[in-house]
Amino acid sequence: MGDQDLADVAHFLWETGTLKTARRTGWWMAGVRDPESVAEHAWRTSVIASVIATLEGADAARAAHLAVWHDSQETRTGDVNHLGKKYAAPGDPEAVTADQTAGMPEVLRTAVRAVVAEYEARETPEAICARDADKLECMLQGLEYRAQGYEAAQRWVDNSRARIVTETGQRLADQLLAQAPLDWLRAAMGERG
């Protein structure tokens with residue numbers, strides 16, 4: 001492995017940092033002025049994927065790994081919301097990933113491309129858990145925005161809930177719908193609701 005290979009990896013590491021400031025644009029349609037970033041979404045999606053996978057008997061580390069990479073292409077395509085997709089199709093995740101990883105060492109290039117392909121195929125238990133985590137995180141974010149007064153976020157809550165397929169994901173969704181965003185704090189403080 002030469003320095004040029006690592007230079008391309010370093011470029012990619014810089015590139016992934018842009019996801020920390022790339023906003024999830026669908027929330028603008030709900031009136032949210034400063035929505036979460038793609039990186040914030042990917043982080044919680046990864047945590048949720050590991051939880052769902054563990055409870056579903058799948059490989060939690062693999063599911064979390066898939067979730068980490070699930071929106072990595074948005075460094076190049078941006079976050080195209082559902083309305084935007086009506087007018088311009090987003091880039092193919094596997095094609096974007098191939099371009100992003102073209103100069104990387106073969107072992108890394110192959111691994112990253114395989115992760116994205118597995119997530120997009122939605123065939124393995126881990127990919128199904130990661131996909132459910134993506135939907136559950138969107139629902140959870142919608143509940144948080146709704147609690148902040150963005151009533152239009154209910155559409156995202158309902159749409160995301162309807163797309164969750166695992167038993168664990170559905171049961172977690174029902175629990176989240178039955179709670180308020182700060183119920184966890186009240187419980188941690190020993191307060192009765």
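Helix α2 and helix α10 (residues 167-177) pack at an angle of about 125°, with their axes 9 Å apart; here axes are lines fitted to C-alpha atoms, for helices over the stretch in contact, and angles run from 0 to 180 degrees between N-to-C directions. This is a predicted model, in which local features need pLDDT of at least 70 and side-chain atom pairs count only at pLDDT 80 or more, while totals for chains, interfaces and linings use all residues. Residues are numbered from 1 along each chain as its sequence is written, and side-chain values use heavy atoms, with hydrogens and water left out.

The two helices α2 and α10 are therefore oblique to each other, since angles under 35 degrees count as roughly parallel, over 145 as roughly antiparallel, 65 to 115 as roughly perpendicular and the rest as oblique. The crossing of α2 past α10 is right-handed, meaning that the near helix is turned clockwise from the far one by less than a right angle. On the α2 side V51, I52, L55 and E56 meet E167, T168, G169 and L172 of α10, where contact means heavy atoms within 4.5 Å.

Helix α2 (residues 38-56) also packs with helix α3 (residues 60-69), at an angle of about 155° and with the axes 8 Å apart. Because of that angle, α2 is roughly antiparallel to α3. The crossing of α2 and α3 is again right-handed, and the residues that make the contact are A42, T45, S46, A49, S50, A53 and T54 of α2 together with A60, A63, A64, A67 and V68 of α3.

Terms used: Helices (H or I, at least four residues) and strands (E, at least two) are DSSP runs, numbered from the N terminus.
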